[in-house]
Amino acid sequence: MGKRNPQRGAELEREVVQAAEARGFTAERVRSKGGTAAEYDVNLDGVRIECKRRKILPRVITEAFTHDVDAAVIRQDGDRTAYIVFTLDDWLLDRGAG
């Protein structure tokens, strides 16, 4: 039997923190403090990051990265909000630590 969702999510959060720290960033998992729920999972040098792990990612994302690209911009039809997606390694490399 596979890991439960909360376990998989916590594992991804730890991976993000470890990848960031290995590149010289300050990062920490954010836990609920004082009875209030944090609205994000990881604080990476002041950047609030929500971590989502899924068995299968949406094809629009995985197909975009089959090409030689640095990032993908995605937007839902009828919505003006667009999102940019990077690989974690590329995003950390682009930000540069310190």
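Is Asp45 buried, exposed or partly exposed? Asp45 is partly exposed, with a relative accessible area of 39%; here buried means under 20% relative accessible area, exposed over 50%, and partly exposed in between, using a 1.4 Å probe and protein chains only. Asp45 sits in the loop between strand 2 and strand 3 (47–49). Its phi is near 50 degrees, a positive value in a residue other than glycine. Most residues other than glycine have a negative phi.

A word on the ground rules comes next. The model is a predicted one, in which local features need pLDDT of at least 70 and side-chain atom pairs count only at pLDDT 80 or more, while totals for chains, interfaces and linings use all residues. Numbering starts from 1 along each chain as its sequence is written, and side-chain values use heavy atoms, with hydrogens and water left out.

Now for the overall layout. The protein chain has three helices and five strands, and these follow the pattern α-β-β-β-α-β-β-α along the sequence. Helices (H or I, at least four residues) and strands (E, at least two) are DSSP runs, numbered from the N terminus. Of the 98 residues, 22% count as buried. Among contacts (heavy atoms within 4.5 Å) with a separation of 6 or more, 33% link residues 24 or more positions apart.

The buried residues of helix 1 are Gly9, Ala10, Glu11, Leu12, Glu13, Val16, Val17, Ala19 and Ala20. Their cover includes strand 1 (27–29), strand 2 (42–44) and helix 3 (88–95). After helix 1 comes Gly24, with a positive phi near 90 degrees.

The loop between helix 1 and strand 1 also holds Phe25, which counts as buried at 5% relative accessibility. Leaving out residues up to four places away in sequence, Phe25 touches Ala20, Leu44, Asp45, Leu92, Arg95, Gly96 and Ala97. Phe25 and Leu44 are 19 residues apart in sequence, yet their C-alpha atoms are 6.9 Å apart in space.

What about the core? A nonpolar core is a set of buried Ala, Val, Leu, Ile, Met, Phe, Trp, Tyr and Cys residues joined through side-chain atoms within 4.5 Å. The largest one has 13 residues, and Ala20, Val42, Leu44, Ile49, Cys51 and Leu92 touch the most other members. Helix 1, strand 2 and helix 3 each supply at least two residues of this core, and the largest share, five residues, comes from helix 1. Again not counting residues up to four places away in sequence, Cys51 touches Leu12, Glu13, Val16, Asp41 and Val42.

Charged pairs come next. Side chains of opposite charge can pair when their charged atoms come close. There are five salt bridges by the rule used here, namely a side-chain nitrogen of Lys or Arg within 4 Å of a carboxyl oxygen of Asp or Glu. In one of them, Arg29 pairs with Glu13, with the closest N and O atoms 2.9 Å apart. Arg29 lies in strand 1 and Glu13 in helix 1, so the pair ties together parts that are 16 residues apart in sequence. Glu13 is buried, with a relative accessible area of 11%.

Asp89 and Arg23 form another salt bridge, at 2.8 Å from N to O. Asp89 is in helix 3 and Arg23 in the loop between helix 1 and strand 1, so this pair ties together parts that are 66 residues apart in sequence. Both partners are partly exposed, Asp89 at 44% and Arg23 at 37%. A further salt bridge joins Arg59 and Glu63 at 2.9 Å, N to O. These two are four residues apart in helix 2 (residues 59–64), or about one helical turn. Arg59 is exposed at 63% relative accessible area, whereas Glu63 is partly exposed at 41%.

Finally, the surface. Val73, Ile84 and Phe86 make a nonpolar patch of about 280 Å². Patches are made of residues with over 30% relative accessible area and no salt bridge, with like charges joined within 9 Å and nonpolar side chains (Val, Leu, Ile, Met, Phe, Trp, Tyr) within 5 Å. Phe86 is found in the loop between strand 5 (82–85) and helix 3, and is partly exposed at 32% relative accessible area.

How values were computed
Accessible areas come from the Shrake-Rupley method with a 1.4 Å probe; for residues, only the protein chains shown count as cover.
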